[in-house]
Structures are given as C-alpha cells and as structure tokens.
Amino acid sequence: MEDKKTSPLYKVIKWLVRTFYPKIQVVCMENLPDEPVIFVANHCQMHGPIISELYTPGVHETWCAGEMMALREVPGYAFEDFWSRKPKWTHPFYKLLSYSIAPLSVCIFNNAHTIGVYRDTRILSTFKTTVKRLCEGANVMIFPEHDMPYNHILCDFQNRFIDVAKLYYKKTGKALSFVPVYIAPALKKMYLGKPVRFSPDKPIEEERKRICLYLMDGITAIAQLLPKHRVIPYNNIPKKDYPINISREDTNENTGG
C-alpha cells in the first residue's frame with residue numbers, strides 16, 4: 001500500500017489529539033479473523049472517527065463523508081449534519097462556524113486514513129477504492145447510521161455498504177467478513193464483536209438485510225451487557241438527553257435474576 005504524503009499541520013493535530021484525547025482500549029481482539037475485514041460501528045458523533053483513526057486495529061481506512069474533504073462543500077454539509085437541530089436563534093453562529101472549520105476539515109480528512117463517500121455516482125469510486133485497500137491488506141471502518149431510530153443504542157443502518165462484499169468476492173473469490181464494533185467513550189473502550197461473513201450465493205438484497213440486522217443487533221447486545229453508562233447517540237442532541245444502556249445488572253434486576 002502506498003503511503004500518501006502527510007501535511008505537517010495534520011501531524012501536529014493528530015499528536016495533540018492522541019496526547020489529550022482519553023486513551024481507548026480495544027477489547028475482544030480474539031474475535032478478529034486473520035484476514036482483512038470491514039468494521040461496522042456506532043458513530044457516536046465526533047468520537048467514532050477520532051477513535052477509528054487512532055485505535056482501529058491494523059492498517060486501516062475509514063469511510064468519511066466526501067463533502068468534509070472539499071472546501072466548498074464543508075459548510076453546507078457541516079451545518080446540516082451537525083447543527084441544524086440546534087435552536088433557531090443559534091443558527092447564524094453555527095453557520096459562521098461551519099465556514100470557519102472548512103479549511104481545518106479539509107486538512108484533517110484529506111490527510112487521515114480516509115476513503116471519501118458520496119451520495120451520487122461517485123459512490124462507485126468509493127467502492128472501488130475500498131476493494132483496492134482490502135486487497136492490499138487494510139481493514140476498513142464504516143459508520144452506516146442515518147437519521148432514523150433503530151433502538152436506544154443505534155440509529156438504523158444504510159445498507160448499501162454491504163455491496164462492497166459482492167465486488168470483493170468478484171475480484172478475489174473470497175467472502176468478506178463484517179465485524180460489529182461498539183464504541184463506548186464513557187468507558188474508554190472499543191469492543192469488537194464476532195464477525196458475520198457475506199454469502200455470495202445469496203441475493204444481495206437478502207444479504208444487505210441479514211448482515212445489517214446482525215450488525216445492529218450485535219452492537220446493541222454488546223452495549224447492553226456492559227456496565228451502566230451514557231450512550232453517545234448518532235444525532236447531536238443535548239447531553240442531558242443521551243440515553244443509558246441497559247446493563248446486565250439492570251436486566252437481572254428487572255427479571256428477578
């Protein structure tokens with residue numbers, strides 16, 4: 001895999017984040033197969049991409065909104081995705097902020113280990129680059145949540161990322177595995193679940209549904225078995241509204257166990 005030239009400014013930013021951001025422990029490494037995989041995780045706002053860049057096992061790439069990599073597209077995307085649900089009287093401030101962060105966003109996301117993701121025909125380049133990186137031995141991290149609730153832990157997953165496995169099989173003859181990942185900044189840990197393998201002989205529509213359900217339910221199950229903590233949701237909502245996971249102790253109490 002070719003190493004891209006990294007901006008000195010990005011190196012400084014990454015050093016600062018690594019130094020001052022809480023250290024994260026990766027748990028259940030034994031669940032990883034000895035082959036390239038796609039990690040699928042809860043986004044937990046800015047924490048998911050930060051933790052992915054710093055702590056994803058092995059050589060890796062992270063899917064990133066392509067708009068955050070283009071100077072002219074950052075402001076509109078950032079305001080809509082991060083701050084549009086804020087009180088209307090604050091919108092002028094956040095619109096100004098969205099323009100202010102554009103140069104920094106372009107620097108960070110074009111120098112980090114990222115693959116741009118797009119909502120138009122450019123998505124084909126996303127898939128091709130992803131397959132190329134997998135063939136080179138890299139793991140890939142994807143955050144597929146979108147603005148539709150699934151449960152108190154996750155929003156529903158967009159499912160077209162599963163199509164990468166179809167292209168990977170066509171190119172290599174190998175069935176790709178997807179690993180559910182629960183990121184828990186409150187616990188300073190990233191938990192790896194047991195992988196699910198793509199079935200190339202099944203219709204792709206069935207595989208999208210089957211694998212996404214496995215991943216969403218797997219991430220939820222990991223979260224629910226952990227000690228009580230605040231879950232950082234996909235949507236940028238007030239911290240007082242962050243949900244609480246359902247811990248094993250709470251479940252036992254509720255069932256009389």
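Trainee: In this predicted model, what kind of crossing does H6 make as it passes H7?

Mentor: H6 passes H7 in a right-handed crossing. The near helix is turned clockwise from the far one, by less than a right angle.

Trainee: Which residues of H6 and H7 meet?

Mentor: From H6, Phe127, Thr130, Val131, Leu134 and Cys135. From H7, Asp163, Val164, Leu167, Tyr168, Lys171 and Thr172. The residues of this contact divide into seven nonpolar, two polar and two charged.

Trainee: What makes Asn31 count as buried?

Mentor: Its relative accessibility is 17%. Buried means under 20%, so Asn31 qualifies. Asn31 lies in the loop between strand E1 (25-27) and E2. Leaving aside residues up to four places away in sequence, Asn31 touches Leu192, Gly193, Lys194 and Pro195.

Trainee: How do you know that the span of H8 agrees with its number of residues?

Mentor: Helix H8 (residues 204-224) has 21 residues. At 1.5 Å a residue, H8 should span 30 Å. The end C-alpha atoms are 30 Å apart, so the two agree.

Trainee: Which residues of H8 are buried, and what covers them?

Mentor: The buried ones include Ile204, Ile211, Leu215 and Ile219. Glu207 and Arg208 are also among them. The cover includes helix H7 (163-172), strand E2 (37-41) and strand E8 (177-184).

Key: Residues numbered from 1 in each chain as written. Predicted model: local features only at pLDDT ≥ 70, side-chain atom pairs only at ≥ 80, totals over all residues. Heavy atoms only, no water. Helix = DSSP H or I, 4+ residues; strand = E, 2+ residues; numbered from the N terminus. Expected span 1.5 Å × (residues − 1). Buried < 20%, exposed > 50% of the residue type's maximum accessible area, 1.4 Å probe, protein only. Contact = heavy atoms within 4.5 Å. Nonpolar A, V, L, I, M, F, W, Y, C, P; charged D, E, K, R; others polar.
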